[in-house]
Each structure stands twice: as structure tokens, then as C-alpha cells.
Amino acid sequence: MSEATNTNEEKKKPLLNGRRALPPNNSNDEENEVPEMEAFGFIPRGFNPKDYLRVVDIHMFKEPHEINKQQHHTDKYYSPKLIVRRGQPFQIQIDFNRPYRPETDQFWLEYLIGRYPQQNKGTYIPIVVGDVLKPGEWGARITHKENNSIRLSIMSSATCIVGKFRLYVAVWTPFGILRTHRNSATDTYILFNPWCQQDAVYLDDEKEREEYVLNDVGIVFHGNINEIKSRSWSYGQFEENILDACLFLMDKAELELSGRGNPIKICRVASAVINSRDDNGVIAGSWDNTYTYGVAPSAWTGSVDILLEYYSSKQPVRYGQCWVFAGVFNTFLRCLGIPARLVTNYSSAHDNNANLQLDFFLDDEGKVDTKLTKDSVWNYHCWNEAWMTRPDLPVGFGGWQVVDGTPQETSDGMYRCGPASVQAIKHGHVCFQFDAPFVYAEVNSDIVYSRREKNGIQVIEKIDTNHIGQLIVTKEVGGDGMMEITEEYKFQEGSEEERLALETAVMYGIKKQTTPSTMYQPQTDVDMDFQVQKAVLGSDFKVTITFRNRSHNYYTATTYLSGNIVFYTGVTKNEFKKYSFSAKLEPSSSGAFDVVIKSSEYLSDLLDQASFHFFVTARINETGKILAMQKATVLEIPSLRIKTQGEMVAGKEMSVTVELTNPLKQTLENVTLRLEGPGVLRTMKKEFRQIPVNSTLIWEVKCIPKRPGLRKLIASLNCDALRHVYGELNVQIQKP
């Protein structure tokens, strides 16, 4: 190397600081220059590299139908490069310029990742050919020799870095090392391996691996506890450029390459980079019903558009809410090979001061005081679970871990959450990292209704211990149904084990306020309940309030109903219905009272998810005690109809139509339709200026499906007056 090039090299090097010998190696994208001839000293005049063993070609067997992608379950990735899973052997073939002679020829392989490869960091891996492969350790052996070619079986370490490696073949000569030149066609992606027992993400059930790693569509459960709704979400982890986009997220989060073999670290940094708070991450959240200059969260049908937009623009994609963060996070985890599922917690507590209680303050009339009440109950909240061992915790806390990319509270100074062991949450061991107390509160808080008397004394009117975390669900394995997993998070309400878990959590520092019994003496001889009639968007419905007087006394109850339009996070937008009446309660009997809600009262203010929240409070005049109850309800929203025409064969054009009849008593303006289906068609969008009352919109799309098999088409419709309108259809694509 001459002097001139040397000084040039020095200019390119980043500045070092006094603490490290090498700059941080935290980009999978950057590379270093690798010399093709590494001389041992002076090279004699007569030296001719052509006299020595020389690599002519390398075959990677990287086609989807070839041995590597088949054995490694990576044949679905839409990528021309070799993709394998760690801790499991894969094959390559090297063609030399002459037959390989093991007695005299010496060659080895080199796998490199990042800008500053170092052997002790696992970013430079030299592999010498040996006789046996040790399970879960780097190594190579020759399986076949023919003419000038050799077949190699290569084993990667079960703990190696996950990412894109560069491959070089090095040949030893007496005067120096000869290397193959840089060839991106031989780049090798190495992923997590849930099929390998030594891998930290090993999952022993084949059906579960097919669901939690290989399924590229899923179901999001939303709505609320009384009306569970579901919609499909396209994860699309195998689509073109998605793997590169997911590796880019780790570069964006500046995760040191040497830490990228550890699923705990990857989950923790990913939960921060999925949201845009404090690091310009993937998705910007918006919960205020105005989505100018962006896509409404309800309009997305899957993760692919979001990840590809972020990968190309490097700017947060607008907008997301919890299921969007969870959907994209799930794609990221499954794409890298970490088993993952999307979980919904109905009636999820967002407790601002982590004291295991949500405080609802009532005014004199028994109405909720929105200025004082800071905590909220989300109708539902979605997060993810990722499957891994936890060598950083005591035995028994591996398995499913909660990770949450929705920005709610900061953890170690950033908006992120997890991984927190589900097992630790169930047993109250909230001392174990990361963020277990926050998740524990999301599923275990009590709701406390209190009222301030004229003299300033706080009176607790009601404590509801069963409202929060009533139901925790995920999609069933191998089907579209719902699987309840509440008992993974908590013991039976009121059981001895549940009390023990709570005492454990309190011992480990969760604040729980205790209520002196003198302050809390509820009315025990009158029960109050209410039911909201199921209703379709745009129609009238009624709320029925029932009282049961179990005493021998006559009571009168001054009853107050408040109907609010709410965000699904439980935050009120406005009160659209106030109604009060006096109920006469006869001794030992029950009575029912109806309140009618007209569509004209709610339609003008309706939000995305057509969510209502009803509070009913009743004061028993004879005793001065208050009964309080709250319920969320969601209107029925019409679905899109999807149909297909003609035969459905991979590689042949087919036709898809999407239809919707306008259900409202008003014209729909500026309507956007989206349609996608992994393996069938890339996301299509179409805008319609208006859909008049009672008229039907029909949109026809032509597409050429890429892959045979059972596929899912997913559509969404979005406009200011109507959101969360979805449709889906399973289609069987035939082989050509």
C-alpha cells in the first residue's frame, strides 16, 4: 500500500475516543475493506498466485426449492440470498481451478459482519475444515469431492449474531493469504432457530412453530369485553425487503452487533424503536382522531407498507395505535425467527402512578369528575409475547415474555416495555427485569370510586376488584378462533394463590393503598346492574338499568346515567347523553328502567371505533350511599364483502372485488379503500370522492398471485365518518 492511499484511509476512519480502541460496531449495513492478497513480507519476484489453489466459483444452494431453504424453513422468504437458521448445518459447494489436495492445500472460510470485525466479538468468524461437526458450534467438513469441486457442510453457532454475514474463502500460500473478492451473491443471512434445542428461542411444538414463526397473517382481537371483535392483520414477514428492513431497525437502535445473538436485548431495543417517541422510530402514535398528513391507524391492513416506508424514508410513519405497534412488532420478531404472538388485554389499566389502583373521582351528583380523574381504562390494549429462555433470571421464568411497543410510560428513560416474564407476573415476582410492575398493574389493578365531601374528607363509594384484566386472549394455533390465556397471567379471582401473588408483588415494592374499613361501608342490600342493547351503527338502542332490593325496607334511588363518546383508551371526548330519574325500590323485589339512546344524539361526534362508555350512579336517598358502575360498548360496524372471480392459480391473473353499502344516513366523503394479501397481491389503494346514502361501492382489482396454498385477502375502508370497516376472505391458490 503506497503512502498516498494510506493517508486517505486515515481520513475515512471515524474519530476514536479515549475509552475504546475501536469505534462502536453497530451497523449491519457498513463493511470494511478485506485485502485479496495479504502478504507475509516481501514477495519474491517469481511468485505467481495462479500456481496455487484458486477459487473459481461458490454455489450457495439458495433457491427456495433447494436443500438449505427447505431444511431451514426459510423457503418462504422472498429473497435471492441464502437465509439459514443458526445452530443447524447448511451446504455450499466450492469449485477450484484444479482438484483439492488436502495434504498440501490449505484453505478456510471467513464470515464477517459490520465495519470492524473482531474474532472475540463474534463479528469475524474463521472456519477451518475439520472431520466432525460439533452441534451448535462453528465448523465445516467436506461431505463430497468430485473433480475440481468440494461440497461442504457448515455448522453455525447456536448463539451466533443474527444478521447478514459476508463470506470470503481464504487460501494459504507460503508468501501470503489469497482471498476471494467481495461478492454480495454469497452473503448469508443467519436467523434465530426455534427448531434448534441449543437456541435461546427453541420451541418444542411443531404446530406452535408453524403458527408463531411461519404464519404470515394473524388476528387482532379488539372491541371490548362485552363485544369482542376480530380483524385480520397481514404480518408479511417473508415479503420482499422486509428482512432487510428489520435488520435496519437494529442499526437504527444502534444495538452493538455483538449483542444481536441475544433475544432479550433485541426485544428490549425493538420495543423502543417500534414507536417514534425519543428515537424517531417506526410509527408515530396518534389517539386524537385527527390524522391529517398521515394514514388513520384503522386504515392499515398489515405491517409491510409501514416497514417498507420507514426503511426507505427513515422517518416515522403516521399513524398508529396499539394494535398497529403490536402488528409491526410481531412482524419484526417472526421475521428474525423469534416465536411471537399478538395478545389483547380487555379492560387494561393505564395507571399513572403505579399504585395498583385506578382512581375515579365523583362529584356531588355522583358524576365522574374528568378534571380530577387521571387514570384510564383502555377498552382493550394489544401487546406482544415473545418466546425465549431467560438466563438472566432464576430458573422458571423463561417462556413467554411480554414486550410492548406502544408508548405508554418510560422505562430507563425511553418509551419501551419488556421483556417481562409472564410467569413472574402471574406469581407476583415483579422484581425481575424488565418492567414487570407496569404489566402487573395493567392486568391486576382495582378501580376505586371516591367522592369528596363538603368538609373535604374523601369518601370511598365503591371498590371494583374484578373490572381490570377480565380477559386476555390471542389467536388460537392453526385457526382463526380466539384462545383465552388469562390464567397464564393471573390466578382465579379471589383464590388463595391470587392473594399470595398480590402479597408477593407488594413485598417486591408495588405500592398498594390499603383502605381503612371505617371509611368504606358500601350499601350491601341493593344490587344495581345495567345492560346495553346490541346496536348497529346509525340506529337507536336502549340501556336497561336493573335494581334488586334484597332488604325489607322501601328505598328510593336517585339515578344518573351519563353516556360518553370515548377513545378506545377510555379517555372521554364528550358527554352526549345525560339522564336522571328517581327509582322506587320495593322491599325484596327487582325493577328495570329503560333509557333510550337516539342515533341523532351520538352520530355527529362519533370516533373511530364507535365506542361508548356509560356510567350509572345511584344514590339511595334513605342511607346516602352511592352505587356506581361503568361499562363500555361498541356499535356493530358493517363489513366489506370480498369476492373473487375466475380460477385462482399461481402465476395467472385473477380478479378480486370489494363491496360496501353505505349504512349511514349521510353521504360518505373522501373514502379510501385498501386491499392486500401476502403472496397474492401487494397493497392496492383506491380513493372514492363520495358514496351516497344507501348506495353500494364496488371496486375491482386484477392481480397475479405468486404463491400456491391457503392465502388471506384483507381489506379496509376509511373515511372521517366511518372507520374500522374491514373485510377478509380465505382463498386457495392452486399450483400451476
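Is D404 buried or exposed? In this predicted model, D404 counts as buried because its relative accessibility is 2%, where buried means under 20% relative accessible area, exposed over 50% and partly exposed in between (1.4 Å probe, protein chains only). Residues are numbered from 1 along each chain as its sequence is written, and side-chain values use heavy atoms, without hydrogens and water. Local features need pLDDT of at least 70, side-chain atom pairs count only at pLDDT 80 or more, and totals for chains, interfaces and linings use all residues.

D404 lies in strand β19 (residues 399-404); strands (E, at least two residues) are DSSP runs, numbered from the N terminus. Leaving aside residues up to four places away in sequence, D404 touches S271, F329, H381, C382, W383, R416, C417 and E442, a contact being heavy atoms within 4.5 Å.

H381 belongs to strand β18 (residues 376-388) and counts as buried, at 0% relative accessibility. With the exclusion of residues up to four places away in sequence, the residues touched by H381 include C322, D404 and E442. The side chains of H381 and D404 are joined by a polar contact of 2.8 Å (a pair of N or O atoms within 3.5 Å; within protein, one must be able to donate a hydrogen and the other to accept it, and residues adjacent in sequence count only if both atoms are side-chain atoms).

An unreviewed UniProt entry lists C322, H381 and D404 under "active site". These residues are spread over 83 residues of sequence but cluster in space, with a largest C-alpha distance of 9.9 Å. Such annotations may be inferred rather than shown by experiment.

How values were computed:
Helices (H or I, at least four residues) and strands (E, at least two) are DSSP runs, numbered from the N terminus.
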